[in-house]
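Let's take a walk through this structure, starting with its rings. Have the viewer open and follow along.

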Amino acid sequence: FHLEAWKNLVFQNWDTNPVGFEMTADVIFVATFSGNTLSSVRFCALDRFDGSDISAFGSSSEITFSFQTGHVLTEEDLPGFHFDPGTNLFFDGWEPNPVGATVTDGLTFTAYFVPGYVVCFINEVAHLYTREQIKHGSDAIPPEIPEVEGYILVGWDKPYTNITEDVNIYAKYWQYGDVNMDSALNTGDAGMLLNYAAKLSTLDEMQMRLGDYNKDGAVNV
């Protein structure tokens, strides 16, 4: 059938099924149609925290589609998101969920977005640098940290969980022999080692590791 779109009709059936019909004379088959009612469905985008409009559909914060009334929405029916380059936003879900909803006139579905943040992992000793974009409240994934000759790796200088702002995170190393952990090798370290050797003081676990500068499994002078 070739019908103008504005007629908005849906084929129902034939008055007589022409398929397999035995022709013995001229015959007319009548097709019946019914109205196909369309309903408008509005999709909009908002910031999860302040409720401001988000231009997620090109330059617009909302878009309207028409569907047959009674149609059940699927993922394929939903609009795609198109942001300007450099936009750091993360999709945080639809409310209400449009998938599985039955179309009636006047439906509105809202896509919510949350900000993203830049997390940089920096290793000044081994010249390691990684940069990733993280969704608000999510955890960053630190890179593998290389061993550095003459140093003990102790982790990162700040937490990388529940990220809520741009942040630089630095790898932490202590140099062997820096028993007092003041980032320098000096007489203070020597004094602590001498006192330990003379059984005048004790060292905690990390100080013991730092004091084992020749890696023989013991703190000695």
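Which residues form one aromatic cluster? In this predicted model, the cluster is made up of Phe43, Phe57, Phe65, Phe67, Phe81, Phe83, Phe91, Trp94, Phe109 and Phe113.

Start with Phe43, which touches a whole list of residues beyond its sequence neighbours, among them Phe57, Phe65, Phe67, Trp94 and Phe109. Phe43 and Phe109 also have the most contacts inside the largest nonpolar core, a set of 15 residues. Strands E3 (38-47) and E6 each supply at least two residues of that core. There's a second, separate core too, with 13 residues including Tyr117, Ile134, Val148 and Tyr173. In soluble globular proteins, nonpolar side chains tend to be buried together.

Back to the rings: the count comes to 15 aromatic pairs. Take Phe65 and Phe67, whose ring centres sit 6.2 Å apart with planes at 70°, so this pair is edge-to-face. Phe65 is partly exposed at 25% relative accessible area, while Phe67 is buried at 11%. Phe83 and Phe113 are edge-to-face as well, because their planes are at 85°, with centres 5.3 Å apart. This pair links distant parts of the chain, 30 residues apart: Phe83 is in the loop between strand E4 (62-68) and E5, and Phe113 is in strand E6. Phe83 is partly exposed at 30%, but Phe113 is buried at 1%.

Now look at Tyr112, where Arg48 lies over the face of the ring, 4.4 Å from its centre.

Finally, find Gly106, in the loop between strand E5 (89-95) and strand E6 (107-123). Its relative accessibility is 60%, so Gly106 counts as exposed.

Definitions and conventions: Residues numbered from 1 in each chain as written. Predicted model: local features only at pLDDT ≥ 70, side-chain atom pairs only at ≥ 80, totals over all residues. Heavy atoms only, no water. Helix = DSSP H or I, 4+ residues; strand = E, 2+ residues; numbered from the N terminus. Buried < 20%, exposed > 50% of the residue type's maximum accessible area, 1.4 Å probe, protein only. Core = buried A, V, L, I, M, F, W, Y, C linked by side-chain atoms within 4.5 Å. Contact = heavy atoms within 4.5 Å. Phe/Tyr/Trp six-rings, centres within 6.5 Å; stacked < 30°, edge-to-face > 60°. Lys NZ or Arg CZ within 6 Å of the ring centre and 35° of its normal. Lists of a residue's contacts leave out its neighbours within four places in sequence.
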